[in-house]
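Student: I'm new to this one, could you walk me through it?
Tutor: Gladly, here it is.

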Amino acid sequence: MNPLRRRELTYVKGIGPERAKLLERQLGMRSARDLLYHFPTGYVDRSTFYSIRELEPDVAQVQVKGRFVSFNVLGEGAKTRLCGLFTDGTATLEVTWFKSIKYLRQTLHTGTDYVLFGKPTSFNGRLQMTHPEVDTLDKAVSQQGMRGVYPLTDGLRQRNISSRSFHDWTTGLLAGLTRIAETLPESVISYAGLDSLDTALRQIHAPTSPAALQRARLRLKFEELFYIQVDMLRRSRRRKAMSDGFRMPSVGATFNSFYSTCLPFPLTGAQKRVVKEIRADLLSGRQMNRLVQGDVGSGKTVVALMSMLLAVDNGFQACMMAPTEILAGQHYESLRALAAPVGVNVRLLTGSTRRKEREEIHAMLASGELHILVGTHAVLEDPVKFRNLGLAVIDEQHRFGVAQRARLWAKNTTPPHVLVMTATPIPRTLAMTVYGDLDVSVIDELPPGRKPVMTLLRYDAQRQQVYRGIGRQLAEGRQVYIVYPLIDENEKLDMRSLNEDYDYICDTFSNYRVAFVHGRLKPAEKDHQMELFASGQAQILVATTVIEVGVNVPNATTMVIENAERFGLSQLHQLRGRVGRGADQSYCILMSKYKIAKETRERLQLMTRTTDGFEIAEADMRMRGPGDIEGTMQSGMPFELHIANPATDGQIIELARRAAEHLLDADPELTAPANAAFAAELREAVARSADWSRIS
Ligand code: ADP
Ligand code: MG
């Protein structure tokens with residue numbers, strides 16, 4: 001075990017048993033190692049002294065040096081405070097403390113040189129500082145340079161623990177350590193050109209220069225990402241080395257007759273390629289774990305179906321899971337319509353399936369009579385027993401991490417093949433992190449004849465013009481979505497809401513029927529409203545973002561998104577994917593307030609220029625950070641990240657991936673003595689992350 005982990009916090013100078021308990025409760029910190037890995041989130045410059053006369057109120061924290069000329073205790077009871085007058089010869093500063101008065105009164109003296117560090121404010125024209133950090137001049141001089149600002153919790157603040165406390169503890173701890181043992185193999189350090197752990201930890205807490213800090217951050221980020229890459233890569237290499245996947249050698253009657261007689265359109269080149277890749281996996285005798293990435297409308301469903309038909313042809317069952325009931329319902333409808341003619345039995349199981357039907361489905365699954373089960377993730381929780389589940393398809397899946405995938409295995413002794421389908425175009429480096437153990441196929445071609453959705457940015461003043469446009473589409477027999485950021489009016493938020501606009505939309509388009517869906521409707525009502533729109537009985541659907549994924553109504557050619565400025569790019573892209581599904585020219589109108597930030601306008605303008613999901617996802621990550629993708633990371637990430645950020649550290653991820661390949665090529669099971677320390681660290685990290693996924 002890493003010796004720093006053995007060193008208990010209690011024994012770090014300045015901590016003691018009480019605070020050790022507090023740190024464990026507040027930050028989950030247990031050892032000296034945890035303390036050293038609690039990194040500053042920023043730095044303050046302690047190398048410059050300001051003169052009091054040049055101080056401006058309400059600037060950032062600054063330091064001044066001088067002497068106290070007097071102390072006065074003012075007020076009574078709870079309002080007691082200590083006031084000191086402090087001068088450096090240029091001007092005077094009033095310093096106030098509300099806490100620890102007795103202690104300060106005993107330890108601070110007039111006539112001694114001090115350095116104060118704090119935020120200057122002004123009250124009645126007098127310059128003040130409240131609760132500054134106070135050091136004697138000698139001590140302050142010995143600690144010049146950049147000083148870390150540490151993240152705190154309210155619980156810590158209440159117990160008078162400050163950023164300064166962390167600074168003092170870590171400095172004391174580091175000073176007492178001769179050399180922190182290296183955790184990465186030497187070969188990796190030289191391959192990636194990294195600082196030693198010892199240097200990096202010292203520099204991250206007390207950088208001697210911006211360049212040194214940069215190198216320290218690189219080393220520490222690399223380390224986090226490297227564990228993930230080694231873990232992912234080792235999993236996928238091990239899996240490939242084993243031969244315990246179901247073999248599905250035959251292309252049989254159902255696949256063939258579907259392909260030759262039921263497939264309603266020729267496959268695109270990309271669809272054919274991906275089906276072939278999947279088929280090769282199913283033949284290999286190894287368990288498939290494949291991610292299919294394809295933009296909205298690229299035709300993933302039929303690829304999933306053909307894969308499931310291969311499983312059925314080989315005597316296996318298959319299941320397909322979607323994140324929402326609406327989406328599961330749609331998949332069910334389209335899969336059943338496609339597969340029924342070739343004699344394949346498809347059923348739907350969701351949280352709202354009635355007990356009688358549920359029991360019937362359970363029985364059919366157990367007997368093997370049911371070939372394909374479509375459902376929500378509830379299928380995983382359900383006491384569903386397949387007779388022989390051979391393939392699980394997980395659709396629109398960005399909240400399905402390694403841990404959840406592993407749960408599928410519990411459904412069988414031999415793990416089923418797993419196909420993950422996502423329309424969220426995840427930038428490549430992020431995919432390497434979240435889906436690093438999966439093989440990736442990309443459907444990078446849209447079915448022919450699709451016209452790209454024409455996207456327009458319109459402001460509130462142009463609303464009537466937009467409504468006239470909607471009217472023309474409706475008159476041509478087309479259908480229209482109107483999407484709102486809110487269900488109900490909210491006075492605090494300056495946004496349009498579905499319920500507020502609903503009557504107005506009905507009045508404006510009084511010749512048409514208006515359906516509505518939002519997340520608060522009961523599932524049955526939601527289905528009913530969706531059905532009205534899908535069947536064409538309603539021509540307008542007003543909705544919240546519940547329609548984001550999967551809904552397929554090819555006759556809907558126009559989507560209006562209200563307060564588009566409130567949505568992330570990736571989300572707009574997902575929404576927009578609901579139109580442009582038929583042969584007609586489609587439109588997406590982004591409605592926005594006129595007064596918006598420059599970056600917001602740039603974001604919306606990007607949407608009007610491109611329909612390329614990958615370009616949009618990359619831009620989204622650049623502009624907003626991981627944003628929507630955060631969800632992916634939280635549940636998808638095999639290890640918690642503290643310093644690395646997959647959204648912005650793409651290059652480090654790639655470096656970590658290459659270094660992981662380099663390491664595992666030479667020592668696949670990490671048994672070489674030179675890698676022993678690293679192997680032990682990795683084992684601990686994996687064990688901890690297993691704990692973590694169990695409780696989450
Ligand atoms: P997504 O990848 O977003 O899940 P879908 O599978 O829902 O896309 O397909 C979108 C639409 O395109 C569906 O109406 C589907 O029938 C149609 N489609 C899929 N593949 C083709 C193809 N090769 N040629 C023509 N239309 C296709
Ligand atoms: Mg789909």
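Tutor: What follows covers a helix contact and then the nonpolar cores.

Tutor: This is a predicted model, where local features need pLDDT of at least 70, side-chain atom pairs count only at pLDDT 80 or more, and totals for chains, interfaces and linings use all residues. Residues are numbered from 1 along each chain as its sequence is written, and side-chain values use heavy atoms, with hydrogens and water left out.

Student: At what angle do helix 10 and helix 26 cross?
Tutor: The axes of helix 10 (residues 210–241) and helix 26 (residues 650–666) cross at roughly 50° and come within 8 Å, helices being DSSP runs of H or I with at least four residues.

Student: Is that crossing left-handed or right-handed?
Tutor: Helix 10 and helix 26 make a right-handed crossing, meaning that the near helix is turned clockwise from the far one by less than a right angle.

Student: Which residues make the contact?
Tutor: Among them are L218, F222 and R237 of helix 10, with I652, A656 and D665 of helix 26, contact meaning heavy atoms within 4.5 Å.

Student: Switching topic, how many residues has the largest nonpolar core?
Tutor: That core has 40 residues, and F258 and I372 have the most contacts inside it; such a core is a set of buried (under 20% relative accessible area, 1.4 Å probe, protein chains only) Ala, Val, Leu, Ile, Met, Phe, Trp, Tyr and Cys residues joined through side-chain atoms within 4.5 Å.

Student: Which helix gives the most to this core?
Tutor: Helix 13 does, with 10 residues.

Student: And what does I372 touch?
Tutor: Not counting residues up to four places away in sequence, I372 touches residues including L305, M308 and V346.

Note on methods. Chains are lettered from A and ligands numbered from 1 in the order in which they are written. Axes are lines fitted to C-alpha atoms, for helices over the stretch in contact, and angles run from 0 to 180 degrees between N-to-C directions. Helices (H or I, at least four residues) and strands (E, at least two) are DSSP runs, numbered from the N terminus. Buried means under 20% relative accessible area, exposed over 50%, partly exposed in between (1.4 Å probe, protein chains only).
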